[in-house]
Amino acid sequence: MNLIDIRNLSIELQTTTKPILAVDRVNLTMKEGEVRGLVGESGSGKSLLAQAIVGVLDEKWKVDADRFHWRGNDLMRLSAEERKAIISKDVAMIFQEPMACLDPTTTIGEQLEEAVDVEQLSGFFWQRRQQRKLAAINLLHKVGIKQHEVCVKSFPHQLTDALCQRVMIAMALARRPMLLIADEPTAAMESTNQGQIFRLLASLNQLKNMSILLISHDLENVTHWTNTITVMYSGQFVEAGTTEQIFNQPYHPYTRALVDSSPKANRMIPNKSRLMTLPGSIPILQHLPIGCRLGPRCPRAQQKCVHAPKIKNFHGHQVSCHFPLKDSYS
Amino acid sequence: MLIFTLRRFSLFFFTMLLLTILSFSLSFLFPGEQLVNLTGQINASPEQLAALAYEYQQQASLLTQYFSYINHLFHGDMGYSMTSHLPIMTEILNRLPATVELTCVALLLAMFVGIPVGFCAAIYHRKAADNIILAIAMIGYSIPVFWLGILVILVFSIQLGWLPSAGQISLLFEIPHITGLQLIDILLSDSEYKWQAFQDATRHLILPVIVVALAPATIFMRLARSAMLEVLDTHYIKAAKAKGLTFSQIIYRHAMRNAVIKVIRDVGLQFAHLITIAMVTEVIFSWPGIGRWLIESIYQRDYTAIQGGLIVLSTFIFIVHIIIDFVYAALNPLAREPNNGT
């Protein structure tokens, strides 16, 4: 059974003139225990998609989907409150810039304690305070923070970025989620700290069978940690498949360009030569191209590309392109 | 925290330095004899004047004169009022508590009404409640205080007769002067009509306090509204939502505290504004405070009183400012850090 199954999810930005389609009919499916990478340039709508799943977008954004199933439950049929109840119970999210995501005037301990679910506590209300404290300390231990006494009393600005991110993960773990959405959890972090955070996420996945949706702009880094990858471009679905499929045999010209643009993926290129890049830059929201949004930059674009392509499925390797690169490998 | 305190005190020191320099130079700038302006003794004989000139070291350099002036200030000697011939210090000590009472009650009222209302406006952003609150804030801020004072007296004390229009307390009650703050004095006194006196004093306080508090309250509303909107837009509120907290939990546990911190910063600034309003209100309501006395002194060209009143009022404003800064530091852990405490 799929953990989450989203079909044709669109997110519209309501402006005073006309609504802008920031995310255009994106599909996303995840199985239990899967680590899926969601890759795209900044501005490709991956954070929006994640926030739409968790339901923290404000009224400016209008979310629409043909199908939004959570463990077989059709969430589209439920009211907003019921949806929020289910989602906040089973899905947790961590953000980039962990320091900004913690309340600067409240201690870490208090913030952790309030994340602890009431249902996990037992006994009378006077015992709960103590239990909450214990639960908070346990959570800190789970994410590998040993000096819990210092940490609980600190304010966010007294901790480093990596520690703050660990605290965020601890808070996310408080409700024992099935799915953890990590929105660029290591942006602006040193590489040693990045490794720590990724290893922590990987161990949580393995030990607790927690699914992780890992959002990143760095395809190469993500490939080390994920089973499957979904690629997005400018709010459109590009390609999805296993990490090997995406990294070794991308079918979409955009994914091909992404892989080619990383120095590690093509070691055979001569020294000091230019890396392969697409011409131009990602279109701004006010001037989105019609059809396939990659069209103006795509090396394989033809007249047909002014119509949005249908998603083609090659043994679980989905690609949204009129002219996939499938035949170029063989 | 120690560095934070030291910084406040150094700020206090330098502000007082500038203030005393200003007040000292006023005695030169006002028309008439400088020594007379400084001491307020307009009817002194030549011998007395010579003695005063010696006392204030008039023969020495300007710097020495300034230091002798400071010396007198420290001994509580601000000269004599030109009109009443009483020592300025006695005059001020008689009147300052009434002003302190009026302004502090008004400040608290403005804060406790304005800030929550502003929060409500932010929570109902772009809904009817928000627009109504903004409109009220705009109107409240635009009403001139002297007109409002007279209007309030006309309606509530003359037409409806609900509340008294002038003074601090009915003349029937005799309250011994202990702290000078009327309400506290009443509670300390052992008169058998204590509670009647307290009620009467409170009734006298209501109208002037409302008039003084209206404009600052509307400013606090707008400050609180924008602070709350800013806080509600931050990442940590979004993270708290993702954590599964309900909206009221988010507001009470995270948003309010952070928004209050942003507002508290500006309360100190608004207090100076509030004092100005209080001075006008004291005249309208015949409140026996320092503001009314100062305005009368200006009318009567009582230069010594103007200098003294200026120093005392600014010191009062500054002390309140520092207290508010400490409240700010108590609420905001970031401000307590030595490298962040500006």
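Two residues are in contact if their C-beta atoms, placed from the backbone, lie within 7 Å. By this criterion, 69% of the contacts in chain B between residues at least 6 apart in sequence join residues at least 24 apart. The structure is a predicted model, in which local features need pLDDT of at least 70, side-chain atom pairs count only at pLDDT 80 or more, and totals for chains, interfaces and linings use all residues. Residues are numbered from 1 along each chain as its sequence is written, while chains are lettered from A and ligands numbered from 1 in the order in which they are written.

Chain B has 14 helices and zero strands. Helices (H or I, at least four residues) and strands (E, at least two) are DSSP runs, numbered from the N terminus. Along the principal axes, the C-alpha atoms of chain B fill a box of roughly 85 × 55 × 40 Å. Of its 342 residues, 37% are buried. A buried residue has 20 or more other C-beta atoms within 10 Å of its own, with C-beta atoms placed from the backbone.

Chain B is assigned domain 1 (11-74) and domain 2 (88-336); the bounds come from an automatic or database domain assignment. The centres of the two domains, taken over C-alpha atoms, are separated by 35 Å. Eleven residues from domain 1 of chain B and nine from domain 2 of chain B form the contact. On the domain 1 side, helix H1 (2-29) and helix H2 (34-39) of chain B each give two or more residues. H1(B) provides the largest share, seven residues. This side has four nonpolar, seven polar and no charged residues. Ala, Val, Leu, Ile, Met, Phe, Trp, Tyr, Cys and Pro count as nonpolar, Asp, Glu, Lys and Arg as charged, and the others, Gly among them, as polar.

Chain A has ten helices and 13 strands. Its C-alpha trace spans about 70 × 50 × 40 Å along the principal axes. Buried residues account for 41% of chain A.

The contact between the chains takes 20 residues from chain A and 19 from chain B. On the chain B side, helix H10 (235-242), helix H11 (247-284) and helix H14 (333-336) each supply at least two residues. The largest share, six residues, comes from H10(B). Eight residues of this side are nonpolar, six polar and five charged.

Notes: Buried ≥ 20, exposed ≤ 12 C-beta atoms within 10 Å, placed from the backbone.
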